[in-house]
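Trainee: I am new to this structure and would be grateful for a close look at a single part of it. Please then show me some other places for orientation.

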Amino acid sequence: MESVGDLERDLEGMREYYSQGKTKEASWRKSQLKGLLTLLKEKEEDIFKALKQDLGKHHVEAFRDEAILPKIAVLSTAEIVPEPLGLVLIFSSWNYPFGLSLEPLIGAIAAGNTVVLKLSELAPACASLLANTIPNFVDNKAVKVFQGGPTVAEQLLQQKWDKIFFTGSARTGRLVLSAAAKHLTPVTLELGGKCPAVVDSLSSSFDRKAAVKRIVVGKYGACAGQACIAIDYILAERKNISTLVEMMKVIIKEMFGGNPIESHSIARIINKQHFLRLKNLLEDPNVKASIVYGGSLDEDHLFIEPTILVDPPLEAAIMTEEIFGPLLPIISLEKIEDSIQFLNSRPKPLAIYCFTKNKSLERRMISETSSGGVVFNDAIIQYAADSLPFGGVGESGVGRYHGKFSFDTFSHEKAITRRSFLTDFWFRYPPWNAHKWQLLECAYNSDYLGLLLVILGLKKPRRGSYQPAYSH
Amino acid sequence: MLFVRVLNIVAARIMAIEGEKNVYEVEIEASSLVKEIRESYATGKTRSYEWRMSQLQRLVQMLEHHEQEIAEAIVADLSKPMFEALAYEVAMLKNSCSLAVKKLKQWMVPEKVKTSITTFPSSAEIVPEPLGVVLVISPWNYPFLLSLDPVIGAIAAGNAVVLKPSEVSPATSSLLAKLVGEYMDNSLIRVVEGGVAETTALLEQKWDKICYTGNGRVGRIVMAAAAKHLTPVLLELGGKSPVVVDSGINLQVATRRIIAGKWGCNNGQTCVAPDYILTTKDFAPKLVDALKHELEHFFGENPLDSKDLSRIVNSNHFARLTKLLDEDRVSGTIVHGGKSEKSTLKISPTILLDAPRDSLIMNEEIFGPLLPILTVEKVEDSFDIINSGTKPLAAYLFTSNKKLKEQFVMTVSAGGVVINDTVLHLSVAGLPFGGVQESGMGAYHGKFSFDAFSHKKAVLYRSFAGDAPVRYPPYTKGKLRLMKALIGGSILSAIFALFGLSKD
């Protein structure tokens, strides 16, 4: 990492480049976005390799989740002109290192900003690949990439930015927001939370099977549960739980085979620290006792097999902290409607997944709970819906992006008013009197007839509407 | 827990200085207020259209029945001309409230959005929902408008609200507390009066949004407090809003509009007041003459005696402003006015010509009746000067030159830009009002108020049918091919891939 002095010089240079106006040109922005597209196409194999190395991700999962490119529409009316914010800082995360770097980067460039991208050191092969390839595909004077850990992040946060975009944990999110407050820098925080799957009784066995497949892949197929939108835990009626568990066991075997580590279809845990964290969640004897499937951990390979628990204690860490791993607690309820109160007594999650055909539950889930988003009868997939904003609320985040929302998040919407010299309302100006007040009142209320009548002296002042304490 | 609380209260009472609250009391009050309101909010009452409409309609009634009282309180606090109090606060509030009443149903409707092949089959919508319990901290210069305008947005969006009006305008603060107490649903909408101690205690609490209107120094304090709870903020700050004046314009109209925006709006104590002027060396004398001429029309020969000018709000600000003029190299540049009267806290409209660029008056937001004019060689030079400073809340340009207008709009960054007028962009329906960088973050007014206090929840409806097996392990080459084709959006390649006909 370069010294603080060098960093400040670099940023000065970027601000200088920005002030020359190049990044505002539509042609420049298009060329940059094309460059990134080319990067993704040409480096596809390398990307898969790096993801395999850092996370043990299967390349199909990688492609499915990281190769998405948004279409950005640039809208401008005569009255609201979007303009770039200037120099923006993007922090990406380790679990989807390409997607979470490139998607915000694309939005920032499309909006005409200069960008500093700080990659996560926890996915070093991916960070190294991005740091080495991005400069070959985009304008280096406008886009700079940094690798490194917390020290680098802290140094970057001391500087003044026009926007900070952060994907990560709520704890670090608070630090980012505090640093931003010193410079009044606006931020977008994409955090996480405990995303619940509320699973209602489903009468059709076709629906049940589809639901279970989507739940299994929405947990274990999403970077082994290490995703902000992975299903964290399940809420279901007590009477349905044993069937649910049995179906899940069958589907897990179908998808990942008898010995999941050999399927190479589940990511491994990112590092020892997180592995031990997850191992610790299972240490509590009451939690351990609630395991109904899986539970075996391979510390050498940082691999945890798909694990299901039924009714671990609600005060245990596994039910109070975001799990971010392949452990799936199922909490039993008397009736499914109890899920609403359960959710409302906990921090707002990034997503609520609700598997149901009951329209009334659907409506109540939308209007009585709060979360970043809601998905009915599926999980994770909202990430691919470009027309929907992606972001949290409360503990799960501030702001949003994806598609056009990416462009907006990195823009300032400047309001423009144009007036001619011709129409001038003389009653705007002092000295004030009752007559002028009357006219202004009419103008405010768009009461043009009244306006005319007052001007012609045919309408008297309203009683009590204007009592000058003095006379003119 | 209860025992400790009682002990604290008893201790607080024992330690209290008569008539003044101490830190413990104030903190306990703030935290129990928020707890109480959260409990009311949790009942779900605010989410109904009926509750929101009832509150908005009560606000309209309140404004109509107490118009006179409200105007008088504003005049008492600021010696604002009655006209300004009625026109720029009461009337604007009534408008804002009526608009909300008229449009609320529309604003609450979820927005349907198109979905693409990547989530087929599905339907989607964006559903606005309240954030929860919000805090509005308002300033002294438009104490009624800037208190209730954000509150209107918060209520329309279905939130519970705590309003903390400025103690620098005490008459309006106490009137607000009284009227809100009488007219609004007190279980969900409250006014807390007080100063720094009360505001600090409120800022310690967890809110779902904080709206602050005021200066950048306190804006940072608010944002830092909000950061602890990951609370989003709407900050309406200020800055030095420049006016660029070109030649070849209707000078009389331009001058009137500048005067109305500067001295006709609380005597310069307005966040979007023209702060300083930029014009060419050649044009400056004409502009100064026109300003002097029109100023006399507006405020008479002795402006200190005019009833149409607000006074300076208090002696702190009076001292601040006179100090700006007293600075050595500045006092010599005064070309008009410069008179002040400490006993009445009045300062007359003052114009300065080419005060030094590094003087205080050219670097701090003036927020008063002093108008420096800075001259440049060519009018375009002024754009660079503006862009070299921090981004203001508003930027104004008077010109008849079409190209200059477009250049200004494209290159000058500010919260809002107005061509050939000042200040009134605030009242244009459909425009967001807010700053950028030092001048603020977020925006409101009209529908933007509703949006500012809402969370736009993304909702995706999927059916159980239509599952692409590509999603599920075990992952195969065939699935990869199919997925690529699907994401690429080409139906033909998807079909080829399905039949194993692609070239990969």
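Mentor: Let us begin with a side chain and a backbone oxygen: the side chain of B:Arg311 reaches the backbone oxygen of B:Asp77 at 2.6 Å. This is a polar contact, that is, a pair of N or O atoms within 3.5 Å; within protein, one must be able to donate a hydrogen and the other to accept it, and residues adjacent in sequence count only if both atoms are side-chain atoms. The model is predicted, so local features need pLDDT of at least 70 and side-chain atom pairs pLDDT 80 or more, whereas totals for chains, interfaces and linings use all residues. Residues are numbered from 1 along each chain as its sequence is written, chains are lettered from A and ligands numbered from 1 in the order in which they are written, and side-chain values use heavy atoms, without hydrogens and water.

The side chain of B:Arg311 also reaches the backbone oxygen of B:Val313, at 3.5 Å. In chain B, the loop that holds B:Arg311 runs between helix H11 (284-299) and helix H12 (315-326); helices are DSSP runs (H or I) of at least four residues, strands (E) of at least two, numbered from the N terminus.

Chain B has B:Ala154 in helix H6 (residues 145-156), and B:Ala154 counts as buried because its relative accessibility is 0%. B:Val134 lies 20 residues from B:Ala154 in sequence and 7.4 Å away in space, C-alpha to C-alpha; B:Val134 and B:Phe453 are among the contacts of B:Ala154 outside four places in sequence.

In chain A, A:Ser92 sits in the loop between strand E2 (87-91) and helix H5 (99-110). A:Ser92 counts as buried because its relative accessibility is 8%, and its side chain makes a polar contact with the side chain of A:Ser101 (2.9 Å).

Conventions. Buried means under 20% relative accessible area, exposed over 50%, partly exposed in between (1.4 Å probe, protein chains only). Contact means heavy atoms within 4.5 Å.
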